[in-house]
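Try each task before reading its solution.

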Amino acid sequence: MFVVMTVGATEAEVLGVKSHILAEGMTPYDHMGAERTVIAVVGEVGPHKEVLAGRLAALPGVETVTPISRPFKLTSREFHPEDTVIRVMDAVVGDGSLTMMAGPCSVESRDQLFETADAVKDAGATILRGGAFKPRTSPYAFQGLGVEALRYLAEARDRTGLPVITEVMEPSQVDIVAEYADILQIGTRNMQNYSLLRDVGRVARPVMLKRGYGATVEEWLMAAEYIVSSGNPNVILCERGIRTFETYTRNTLDLAAVPLLHHLTHLPVIVDPSHATGKRWLVKPLAIGGVAVGADGVMVEVHPSPEDALSDAEQQLTPDGFRDLMATLVPVHQHVRGLHGDPVIGAAGLGLGNGGLAKH
Ligand code: PEP
Ligand code: MN
């Protein structure tokens with residue numbers, strides 16, 4: 001449930017509600033809406049839910065107490081109707097602009113990264129990607145350059161001015177990755193690694209949470225809830241394809257998840273057509289599809305010489321391919337923004353049915 005304070009509620013009244021929630025053994029999370037404070041009550045309420053709601057409703061400064069129908073609370077649109085907008089250096093994610101994350105699957109050398117970084121920056125990328133710690137299906141495959149790659153990424157950020165995103169695979173890597181990178185990525189294989197989710201929830205860096213290849217949308221949002229409830233509200237979701245019976249493509253890109261997520265959550269949504277398809281020539285059509293259904297951005301892999309890549313050789317674009325993709329996507333994005341309105345897909349237009357939020 002969440003408590004909606006009156007417009008003129010004082011700080012003391014907000015504190016009063018929060019301490020009452022704590023005294024009941026629950027955790028309060030407040031969020032400043034457009035004109036009033038909203039406080040989520042999170043924890044295991046048990047059978048006393050209605051009693052607690054009644055007590056909270058009677059406190060000074062409280063306007064209403066509304067249940068949150070979804071199992072994910074802090075990430076739900078019911079609690080937080082406005083889109084979450086994430087700023088990292090000059091990049092803004094979730095404000096209606098087109099976020100373009102591009103770079104190699106793996107950082108292989110300083111030269112390879114710099115060449116790619118210069119090319120994607122020149123073509124209009126807003127965030128540079130590159131894997132330092134690589135989650136590989138085979139233990140014999142290239143595992144990434146590790147900390148050496150993190151240093152190259154930081155140098156590439158200084159060179160291009162682009163913030164960098166890279167994957168963190170385990171709790172012991174969180175501090176070092178957060179020291180060098182601007183955005184931490186949680187890969188598909190780790191979406192339900194709860195100790196890792198909690199740890200990235202405690203750092204002052206945005207986190208991009210990729211969808212587990214076998215995860216439902218609800219499981220994915222519950223994973224995001226781990227990060228947000230640990231203290232980090234800056235979570236980006238990335239649809240990167242799920243495993244189905246289809247074998248021509250590496251995964252199946254679930255495009256319906258994009259408008260569905262905009263309906264269920266306030267967090268920004270990125271699509272990754274590189275890992276979703278595993279095929280270079282399918283990246284562009286699926287990127288167009290992702291932007292058309294309202295994604296806040298696209299992540300693609302780019303390599304100066306894809307056939308020589310140490311990982312994901314078949315799906316990486318050439319720098320020319322990325323330039324061509326940008327030239328196509330920018331007008332698609334402009335056109336689609338007009339169609340969806342601004343913000344891209346607001347909860348109101350989707351019949352969220354959250355009557356309790358009408359006051360916001
Ligand atoms: C990646 O983006 O480098 C990656 C390994 O992706 P995923 O976790 O989606 O497979
Ligand atoms: Mn890859």
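**Exercise 1.** Sort the shell around ligand 1 by residue class.

*Solution.* The shell divides into six charged residues, four polar and one nonpolar. In this scheme Asp, Glu, Lys and Arg are charged, Ala, Val, Leu, Ile, Met, Phe, Trp, Tyr, Cys and Pro are nonpolar, and the others, Gly among them, are polar. Members of the shell include Arg129, Lys134, Pro135, Glu167 and His275, where a shell residue has a heavy atom within 4 Å of the ligand.

A note on conventions: this is a predicted model, in which local features need pLDDT of at least 70 and side-chain atom pairs pLDDT 80 or more, while totals for chains, interfaces and linings use all residues. Residues are numbered from 1 along each chain as written, chains are lettered from A and ligands numbered from 1 in written order, and side-chain values use heavy atoms, without hydrogens and water.

**Exercise 2.** How many disulfides does the whole structure hold?

*Solution.* Search for cysteine sulfur pairs within 2.5 Å: the result is zero. For cysteine 238, the nearest cysteine sulfur belongs to cysteine 105, 13 Å away. Then check burial (under 20% relative accessible area, 1.4 Å probe, protein chains only): cysteine 105 is buried at 2%, and cysteine 238 is buried at 0%.

Notes:
Buried means under 20% relative accessible area, exposed over 50%, partly exposed in between (1.4 Å probe, protein chains only).
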